[in-house]
Amino acid sequence: MIWIGGILFFSIVLLPSIQKRLPSEIGRAFLRDIYLRFQRVTVSFVPLLLITGGVNIHFSHVARGEFTQKYIWVLNTKIIFFTILVTLYVLNLKNLPEIRK
């Protein structure tokens with residue numbers, strides 16, 4: 001949630017305001033600093049999301065026994081979204097050295 005909320009805030013609120021109010025070079029440096037700080041936060045949340053998801057699956061299985069078809073469908077949907085999130089995250093990490101310049 002933090003990653004998605006941060007991206008939305010960044011693109012809807014922060015980016016247009018900076019483009020309007022700051023000179024281009026200062027705005028780029030400011031956005032780069034914010035991006036790098038935000039990147040440090042997300043690096044801890046991706047593994048945390050994976051671990052808590054696994055714990056949730058384990059305790060759901062212990063509490064319910066058999067998984068229903070609906071639970072499996074929802075779980076598969078969450079796994080697909082998590083895979084998309086991790087893919088975007090890895091692609092983002094690939095571009096990180098260029099951003100730090």
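The legends below describe an overall view and several close-ups of a predicted model.

Local features need pLDDT of at least 70, and side-chain atom pairs count only at pLDDT 80 or more, whereas totals for chains, interfaces and linings use all residues. Residues are numbered from 1 along each chain as its sequence is written, and side-chain values use heavy atoms, with hydrogens and water left out.

**Figure 1. Overall view of the three helices.** The protein has three helices and zero strands. Helices (H or I, at least four residues) and strands (E, at least two) are DSSP runs, numbered from the N terminus. The order of elements from the N terminus is α-α-α. The C-alpha trace spans about 60 × 25 × 15 Å along its principal axes. The radius of gyration is 18 Å, while a compact globule of 101 residues would have one near 13 Å. That radius is taken over C-alpha atoms, and the globule rule is 2.2 Å times the number of residues to the power 0.38. Of the 101 residues, 18% count as buried. Buried means under 20% relative accessible area, exposed over 50%, and partly exposed in between (1.4 Å probe, protein chains only). The protein exposes about 8,100 Å², and carbon and sulfur atoms supply 71% of this area. Accessible areas come from the Shrake-Rupley method with a 1.4 Å probe; for residues, only the protein chains shown count as cover. Among contacts with a separation of 6 or more, residues 24 or more positions apart account for 63%. Contact means heavy atoms within 4.5 Å.

**Figure 2. The salt bridge between Arg28 and Glu25.** A search of the whole structure finds one salt bridge. The term means a side-chain nitrogen of Lys or Arg within 4 Å of a carboxyl oxygen of Asp or Glu. The closest N and O atoms of Arg28 and Glu25 are 3.3 Å apart. Both residues belong to helix α2 (residues 24-64). They are three residues apart, so about one helical turn separates them. Glu25 is exposed, at 52% relative accessible area.

Figure 3. Ser60 is buried, with a relative accessible area of 9%. Its side chain reaches the backbone oxygen of Asn56 at 2.8 Å. The Ser60 side chain also makes a polar contact with the side chain of Tyr71 (3.4 Å). A polar contact is a pair of N or O atoms within 3.5 Å; within protein, one must be able to donate a hydrogen and the other to accept it, and residues adjacent in sequence count only if both atoms are side-chain atoms. Not counting residues up to four places away in sequence, Ser60 touches Gly65, Phe67 and Tyr71.

**Figure 4. The aromatic pair.** One aromatic pair is found in a search of the whole structure. The ring centres of Phe67 and Tyr71 lie 4.6 Å apart and their planes meet at 15°, so the pair is stacked. Rings of Phe, Tyr and Trp (its six-membered ring) pair if their centres lie within 6.5 Å; planes under 30 degrees apart count as stacked, over 60 as edge-to-face and the rest as tilted. Phe67 is partly exposed, at 25% relative accessible area. Tyr71 counts as buried, at 16%.

Figure 5. Val46 counts as buried, at 15% relative accessibility. Leaving aside neighbours within four places in sequence, Val46 is in contact with Phe82, Leu85, Val86 and Tyr89. Val46 and Thr77 are 31 residues apart in sequence. Their C-alpha atoms are 17 Å apart in space.
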